[in-house]
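Visitor: I would like to learn how to read the inside of a protein model. Where do we begin?

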Amino acid sequence: MSNPIIALLGNPNVGKTSVFNRITKLNQHVGNYPGITVEKREGTVKANGKTYSIIDLPGTYTLFPTSLDEDIVYQILGNKENKSHPDLVVVVSEPNNLKRSIILYQQARELGVPALFVINMIDEAKGKGLEIDYQKLEQYLNTKVYTTDARNGHGIHQLIEAFDERPGYYSSKFTIDSRFVPALEEAKKLFPLQTEYQTWQYLAQEDVSFLSADQRLALKNIRSTHGFTANDLQRWESISRNKQIDKEIDEIAVRKENLHLTKTNKIDKLLLHPVMGYIVFFAILLIIFQLVFILATPIMDWIDESFASLVDLVAGILPEGPISNLITQGVLSGIGGIVIFVPQIAILFILISLMEETGYMSRVVFLMDRWLRPYGLNGKSVIPLMSGIGCAVPAIMSARNIENTKERLITMLVTPFMTCSARLPIYVVLISLVIPNETFLGFGIQGLTLALLYVLGVVAALASAWILSKIVKTKHRSFLIFELPSYKAPDWRNVVTNVWDKTSGFLFGAGKIILSMAIVLWVLGSFGPNDKFYNPEKYILEANPTIGEDHLAEEVASYKLEHSFLGYIGMGIEPIVEPLGYDWKMGIGLVSSFAAREVFVATMATVYSLGEDVDIEDDAQKETLLTKMKSEINRNTGLPAYNLASGVSLLLFYAFAMQCMSTIAIMKRETGSWKWTLIQTGMMTGLAYIVAFLAYQFLK
């Protein structure tokens, strides 16, 4: 016998997820609904001698879908064949907006789904100036009403005990207007076994995905014959239900002075001010980025050092050979490259969760939406975009907070254009190589170039978003319709759960892809097809018998890299990158930096026989690397490899190209598909190639 399914249904900002977390504790997991990027939260709880499956449905204001998230809600509740169709629905509300929750409850009951009604955050009822007559409310809803406070667990146990309850007959208060009755009677002939309201829902929706094409066409013909649209029916139902409840709700919930609203309005005078609101927001954003870097950097350094020590320890224990190198340089280094992102991800999501929990995130959406919407983005897109300046991996993950799936997808697709911190070492080296250290109008040209690269990232992200908004199709239009919730103290259980979901999802989801790619890149750089890779000393000494011991090791490393599979790939792509002004050595840098952008500098140091441990923050080491790179001659052109044309070309390539394998891995995990991941990679790489090509051809 399968576990009874309990679905939590409610408007946004009613604390539904807090109730879910309290019920399931840590017995939960987060994934995606099949084939789409809508988040699916499921869990279990053992009670009453059973194990219940708990589903946290996406927040919605109505069962008429206006987004993909809301479409999921209707598919689960309206289609009895859906494997997630619940045995019981728990409608979660909060004291300040009972009316909207009652409408949602009525729609669920009239679909034929048994439901209970829960008033969460009950501790705030008095502060919000509400006195609720629970007996009248239960009579009005024909069901038991439960009260909870998910922050402290009040009422959760009683709610779980009620999971076996099945409310009796529900007397619908919704009456169809006489002008729609003939059309409804025709539709009922198509669905003789459905409830009247279910048939009404079919008639009032343009496209019910689980109906057959013939049924959808028949419904369309009925609407056309009677001269109305699906939107006409939805609009009429909304007005009718609201009018009806307005007459009766005043006897159930008596409203007095709302102390919470008074405090919220006072705070919003500052946070939503047309000038100060933006100043405060960008100040908060600056603090967030500073905290991410300040708090994460020492932890990341410790992780880096710990894995380096672990690699040395394991290398000292295992006998030398390919297996030892695979474990230490491939697997352990690859795992280290995954774990090192965790501090940034965890800290960023702690801060984002606090913004969500306190109610401030809704203000961010309100402030930024009008600036980003013309580009096809959402007010919440500002968090991923700005976070992308630090690292694209946590930035793309933070797009999960965007409800509209089209805007969420576009945000994820364009976020990697933002200049991440890993590009900075490349920019520093290349700008120092090819941009004159002079001033223009009192400003250093090198500094202006760096600033321009950051501006280019923003322009590319917004321009790409605008283009993608015209290309990416969705049947659901996006509107900014939401209520600004009252400010409240964060539910720390929600914060901890959210951070755990995101970090564990990255480690065990994207981490598998990153590790696989890291091992592949290690194999390509650690093996070669011929004797030149395996006996480099022989060929080096033949060419240069007087070379000293001090330089032999560096020359060996350079020679092995040149004749590794990775080196031959660099040579193989030389005809492709030659029009950009690059030679095979720069090609190796491009391929190897796919592991991580900052690897480019270490690879170039190895290629030019300087060893891989060059610290560009050390002036002497940086100068040595720059001197070597300046003296390098491109064998294809006979000119310095790093001149103004090739240097600017390379800067622009890195400004627009896909960042790294970690970004690709997290895109695959977040979209649940290789389709958009490959489209993004192709789009960014193609743009980078074209811009770099034009720059080189113009400047050479």
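Guide: Start with one residue. Serine 101 touches Asn11, Val91, Val92, Ser93, Glu94 and Phe117, leaving out residues up to four places away in sequence. Contact means heavy atoms within 4.5 Å. This is a predicted model: local features need pLDDT of at least 70, side-chain atom pairs count only at pLDDT 80 or more, and totals for chains, interfaces and linings use all residues. Residues are numbered from 1 along each chain as its sequence is written, and side-chain values use heavy atoms, without hydrogens and water.

Visitor: Is Serine 101 buried or exposed?

Guide: Buried means under 20% relative accessible area, exposed over 50%, partly exposed in between (1.4 Å probe, protein chains only). Serine 101 has 1%, so it counts as buried. Serine 101 lies in helix α3 (residues 98-110). Helices (H or I, at least four residues) are DSSP runs, numbered from the N terminus.

Visitor: How many residues of helix α17 are buried?

Guide: Ten of its ten, across residues 405-414. Among them are Lys406, Glu407 and Arg408. The buried residues of α17 pack against several helices, including α2 (68-78), α19 (445-471) and α31 (674-699).

Visitor: Which residues touch the most other members of the largest nonpolar core?

Guide: In soluble globular proteins, nonpolar side chains tend to be buried together. A nonpolar core is a set of buried Ala, Val, Leu, Ile, Met, Phe, Trp, Tyr and Cys residues joined through side-chain atoms within 4.5 Å. Here the largest has 85 residues, and Phe281, Tyr582 and Tyr642 touch the most other members. Another core, of 56 residues, lies apart from it; Leu9 and Phe228 are among its members.

Conventions:
Helix = DSSP H or I, 4+ residues; strand = E, 2+ residues; numbered from the N terminus.
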